[in-house]
Amino acid sequence: MSSITQGSYPPVLQDAERERLVQVVKDWTVAHGLTVRPPPAIAGNDAEGILATSAPVTLFPSPFPKSCFEEAKAIQTTYNDLYALISQDEEFLTEMVKEVADGDEFIANLWNVHLRVKKEGYVQNLALGLFRSDYMVHQDESSLQIKQVEFNTIASSFGGLSTQTSLLHKHLAQHEYPLLSFSAFATNLDLPSNDSAAGLAAGLRAAFDAYGPSTLGHPTCVLFLTQSGERNVFDQRHLEYALSSSGSVPVFRLPFSEILTHTTIAPTAQRQLIYALPSNPSLVFEVAVVYLRAGYGPGDYPTQQAWEARYQIERSNAVCCPTVLTQLAGMKKVQQVLATPEESNTNSVPSALAKFMSPTSEKTQRLLKTFTNIYPLDTSPSGLHARALATSPTGCQKYVMKPQREGGGNNFYRSAIPEQLKTIPEEHWNSFILMEIIEPPALANSILRNGAVEQGGVICELGVYGTCLWDQSSGEVKFNEEAGYLLRTKGDKSEEGGVAAGYGCMDSVALV
Ligand code: ADP
Ligand code: MG
């Protein structure tokens, strides 16, 4: 067994050693684009948009069980297939939306976009998923297992920075850790390679190629829809550069709020999406792929115009990553239904999962092992059981309550659950789910954030990326790959783990 599992990790640093390591990390991260736009508290308002700073990152890779890492990577293509199937099952998604839409206007509005396009008929059958399945390690009496936190179907971020983080830790392992007075641990670090940036770009490339040449005689392009004021812009840039260098694919960034200003739908039966370059509107492109790094939360839809913009994208001929249906497949409600067995037989494969996968197949059994207990908060028997837990000051302590939202900062943990439920009319409780909190084995690390080192207990969350391109009408899967990983680490006192939301930091795995 490696020395990094024997209680001496990470090594205790002398002050001068820490200073040196911090300086190396600060310079390496800026030199290699492991960076974010600085928070206003540090940068002022940076009106010129010229500043970049190191993304928060651990000084050492975190120990991660090799068997768990390999299993998470091995099942990703099965997860891709499952979510491609869910995206194609409109009837199932109708049921899911019905469950939550009364108490959730955002989901209702998304559904409405789908219904409007369905009415006139979709022109594009291809759909692209750049997914990320997130896990924590759970320790039971006999073994370590990965348990799924959530499955992301829209704007799965950090694939760009993640490749750089693996390279940073490899650099440190090769050139810096051997210089530490406590250096024994560094000689046998098992640091796997991580091609997340290239892997995600390959997914976008597959969709771009499948779209084919413009029938209108324009050059084709990929359009990244972004949030204004995005601080995590370099993560997105890494994907863009990996894609544009893979055989000169034109890639453009357009704020979600400017869709209707700079794109139009061609007046043809095929409804091509036309993008006029803002800097030179006589240069016109046909958009082959729309990649949403925005549009996943209500904040991106301040007006009815924003919903019209989403409708314009959805009804166009561009391949959407994701479509509205694929975005909705990522609802926490879907994850809950897949994981909740029928009351009568808690050992059986949940019928929702059995709809999509053979209950006896080995693949199904492997996915099932990644599920943890998740309950509805409705009036079904398991919903009533969950309501009793969620409203009890002791019962709630092992749970997190989640709405149908993405992007961090939306969940309620432990004691906050009964308080929150008091503020919500009971008839809207079913737009939330209740999930058992996964408690991974204790670890320690040092986090460099905004120039300061935070040292102590940490919790790690592994994400595995997957890319999938399929045909919504025939069901044919044209591309299905596992696409690298993300390790995010947060202080063990923090409930939320999002790097962009300011709670977590970038990390990489040292396999043990
Ligand atoms: P979001 O869509 O906002 O990212 P998540 O479901 O990923 O929502 O939850 C946000 C964070 O909360 C996770 O990254 C994780 O740190 C923590 N979390 C969520 N669910 C659990 C759970 N069941 N056990 C432990 N931590 C959790
Ligand atoms: Mg998450």
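Is Asn152 buried or exposed, and what is its relative accessible area?

A: Asn152 is buried, because its relative accessible area is 5% (buried is under 20%, exposed over 50%, partly exposed in between, with a 1.4 Å probe and protein chains only). The model is predicted, so local features need pLDDT of at least 70 and side-chain atom pairs pLDDT 80 or more, while totals for chains, interfaces and linings use all residues. Residues are numbered from 1 along each chain as written, chains are lettered from A and ligands numbered from 1 in the order written, and side-chain values use heavy atoms without hydrogens or water.

Asn152 lies in strand β6, residues 144-152 (strands are DSSP runs of E with at least two residues, numbered from the N terminus). Beyond its neighbours within four places in sequence, Asn152 is in contact with Leu130, Phe131, Arg132, Asp134 and Glu406 (contact means heavy atoms within 4.5 Å).

Both Asn152 and Glu406 belong to a "binding site" that an unreviewed UniProt entry lists together with Glu150; such annotations may be inferred rather than shown by experiment, and the positions follow the numbering used here, with feature names shortened.

Glu406 sits in the loop between β14 (399-402) and β15 (412-413). With a relative accessible area of 16%, Glu406 is also buried. Leaving out residues up to four places away in sequence, Glu406 touches Glu150, Asn152, Ile154, Tyr296, Gly330 and Lys332. With Lys332 there is a side chain to side chain polar contact at 3.3 Å (a pair of N or O atoms within 3.5 Å; within protein, one must be able to donate a hydrogen and the other to accept it, and residues adjacent in sequence count only if both atoms are side-chain atoms).

Lys332 leads on to the ligand. An N or O atom in the Lys332 side chain is 2.5 Å from an oxygen atom of ligand 1. Polar backbone atoms also approach ligand 1: one of Arg405 is 3.4 Å from a ligand oxygen, and one of Glu436 is 2.9 Å from a ligand nitrogen. Taken alone, ligand 1 exposes 540 Å², and the protein buries 96% of that (Shrake-Rupley areas, 1.4 Å probe). The elements giving two or more residues to the shell around ligand 1 are β6, β14 and β16 (433-436). In total, 21 residues surround the ligand, and the closest are Lys332, Lys402, Gly408, Tyr413 and Glu461 (a heavy atom within 4 Å).

Conventions. Helix = DSSP H or I, 4+ residues; strand = E, 2+ residues; numbered from the N terminus.
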